[in-house]
Amino acid sequence: NKGLKYLDRNYKYVRAFADLDLHLKELSPLVLPAQTDSFDPAKWQKQGAKKACAIARMPWHSFARLLRNKAVGRRPILRQAIDAVLKLTRSFDGSGKGWKGHRGIALTLLYGNAWSGLLERTVSHLCQLGFSRPLLVVASGKDAYQACRQVEQKSACGLKVSCWRPNTESQVHRFTIVHILLHLGLDIFYFDMDAFFLRNPLPMVLSQASVKKQEAIFASHGDGDCINIGVFYIKSTIRTTVWFSRFLEWYHEHQYEIDQRGLDVLLGSPLRIPEGELGVSFAPKDLPKVRVGVMEDGNKVVIGWIGWYGHISRMQVFHWCNSPLDEKWEELDTVYKAAEAIQDWMPLHLALSVVSTADFQVLPREASETWTVADTGKAVPGSAVWRQVGRARRVFEASRLHKP
């Protein structure tokens, strides 16, 4: 049932076996696979997961020394990844004494030159939100890598950025790098470049993971029973690391399958309804049972074309998933301009919740912390700024539903 979709599909889903282009010792740098005919993949996966949990508890200097030793004699594709990890995980104060709790990084994919111009704005916006996770960018293609390196070299807002360029321009490397990072004991917060943050999403996600004891958390579709992989969090544990190895093995071997569907099914379809028919071919058996959760998809982490319901003051992430590229670009530019115009005076989410336009009335909202103009130390923005905020509000209001 997938043959025609495989022959006529979006370019980004077309894959070949050669796209992976990574050895086992690069996918799991801490474990050397046995060079015999009796090699046991399951044993290799479990060894890698155990070593990842051990290295996660190391002080940074010991962690760095081990990774540098593992990089000796390896190909540039792994050395570059290890260099990026060491740069991003070093203590912010420069002491290198270690990370409080699990080391964690943010991750995004910059594909080709179409999105290169947005990266600097994204990094600046994350800084304004107080986003604390250093950012690793998977730069797919020469143009994307050059754009990433420019941001890496001049980023002065306090958010660390580093770049990793795989040898092939394929969507598979969104997942090969996740595999490498999990096998280095790193927790991962991933987001697509067409996801806009109205607030810092980390407190929401990390709180959910802690309170509900969840090891993986994914965005979802408000109108369906499938997860959405535009925003997700994975904690490096023995279960998640082995499970992700099994997923990547399956994904590599079944070129006609789609990543999101595979992840949903291999996670046990956490949103499955009795009428659901979503499935994949040759799903692996006896997968580790990962404690998985989903983000609230009605008001907090929403997909534009599906719609949302509630109040904009509670929205944290707006994702332009599957929207036409021209429309997506225009609307992203509008909301980034609003964030940049108002950033010296108040947070965008607060401005959006109080601005009115001719198209809608501001609904009652929950009381927020009191503040005054004097507290900001800035001049009151003029009407041009509020017009820009109003345009951004119209972008979000266009997909509001009248009822859930």
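Biologist: Which residues of helix 12 are buried?

Modeller: The buried residues of helix 12 are Lys328, Leu332, Thr334, Val335, Tyr336, Ala338, Ala339 and Ile342, where buried means under 20% relative accessible area, exposed over 50% and partly exposed in between, with a 1.4 Å probe and protein chains only. This is a predicted model, in which local features need pLDDT of at least 70, side-chain atom pairs count only at pLDDT 80 or more, and totals for chains, interfaces and linings use all residues. Residues are numbered from 1 along each chain as its sequence is written, and side-chain values use heavy atoms, leaving out hydrogens and water.

Biologist: What do the buried residues of helix 12 pack against?

Modeller: They pack against helix 6 (116-129), strand 5, helix 13 (348-354) and helix 15 (383-397); helices (H or I, at least four residues) and strands (E, at least two) are DSSP runs, numbered from the N terminus.

Biologist: Why is Asp192 called buried?

Modeller: Asp192 has a relative accessible area of 16%, which is under the 20% limit, and therefore counts as buried. Asp192 lies in the loop between strand 4 (187-191) and strand 5 (195-197). Leaving aside neighbours within four places in sequence, Asp192 is in contact (heavy atoms within 4.5 Å) with Thr108, Arg174, Ile229, Gly230 and His319.

Biologist: How do you know that strand 9 and strand 10 pair?

Modeller: Two strands pair if DSSP finds at least two bridges between them, and three bridges join strand 9 to strand 10 (residues 317-319), so these parallel strands meet the definition. Val301 stands opposite Val317 in strand 10.
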